[in-house]
Amino acid sequence: MSKVYNVLVNTADKYVPSSFRPLWNHPAGPKTVFFWAPAFKWGLVIAGLSDLRRPADQLSVSQSASLAATGLIWSRYSLVIIPKNYGLFSVNVFVAGTQLLQLYRAWDFSRKQQKS
């Protein structure tokens, strides 16, 4: 699989404008997994945002808590590794934020249910 990837990168390398070369050649740039893993992780953020339409009684507290915890942990990790990975940092901040919002919605729903 890495041979196919290398062919794709080497082919694309010819077409990258000089203004994008610093990003293209960065240790956490598109030539590495350090770029693509956070790029695909944005799917979790999109899923979390789409769950805002879901009724609060259908939210999974354990799933939201797990995703919020991993978002916070990986946010910290992304700033202590070398090279610092700001793409990984930003996606994990958003993962944690969306899931903390879901946890608040679930907590608020249960609090209102107890009052009635």
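Trainee: Where does R111 stand, buried or exposed or partly exposed?
Mentor: R111 counts as partly exposed, at 29% relative accessibility. Keep in mind that this is a predicted model.

Trainee: Which residue does R111 pair with?
Mentor: D108. Their side chains meet in a salt bridge, 2.4 Å from N to O.

Trainee: And where do D108 and R111 lie?
Mentor: Both sit in helix α5, which covers residues 86-115. They are three residues apart, about one turn of the helix.

Trainee: Is D108 buried or exposed?
Mentor: Buried. Its relative accessibility is 13%, and the cut-off for buried is under 20%.

Trainee: Which other residue forms a salt bridge with D108?
Mentor: K112 does. The closest N and O atoms of D108 and K112 are 3.2 Å apart.

Trainee: How are D108 and K112 spaced in helix α5?
Mentor: Four residues apart, so about one helical turn separates them.

Trainee: What about the accessible area of K112?
Mentor: K112 has a relative accessible area of 49%, so it is partly exposed. Exposed would need over 50%.

Trainee: New topic. What does D51 pair with?
Mentor: R54. The side chains of D51 and R54 form a salt bridge at 3.6 Å, N to O.

Trainee: Are those two buried or exposed?
Mentor: D51 is buried, with 18% relative accessible area. R54 is partly exposed, at 36%.

Trainee: Why can side chains like these pair at all?
Mentor: Because side chains of opposite charge can pair when their charged atoms come close.

Trainee: How many salt bridges does the structure hold?
Mentor: Five.

Technical notes
Residues numbered from 1 in each chain as written. Predicted model: local features only at pLDDT ≥ 70, side-chain atom pairs only at ≥ 80, totals over all residues. Heavy atoms only, no water. Salt bridge = Lys/Arg side-chain N within 4 Å of Asp/Glu carboxyl O. Buried < 20%, exposed > 50% of the residue type's maximum accessible area, 1.4 Å probe, protein only. Helix = DSSP H or I, 4+ residues; strand = E, 2+ residues; numbered from the N terminus.
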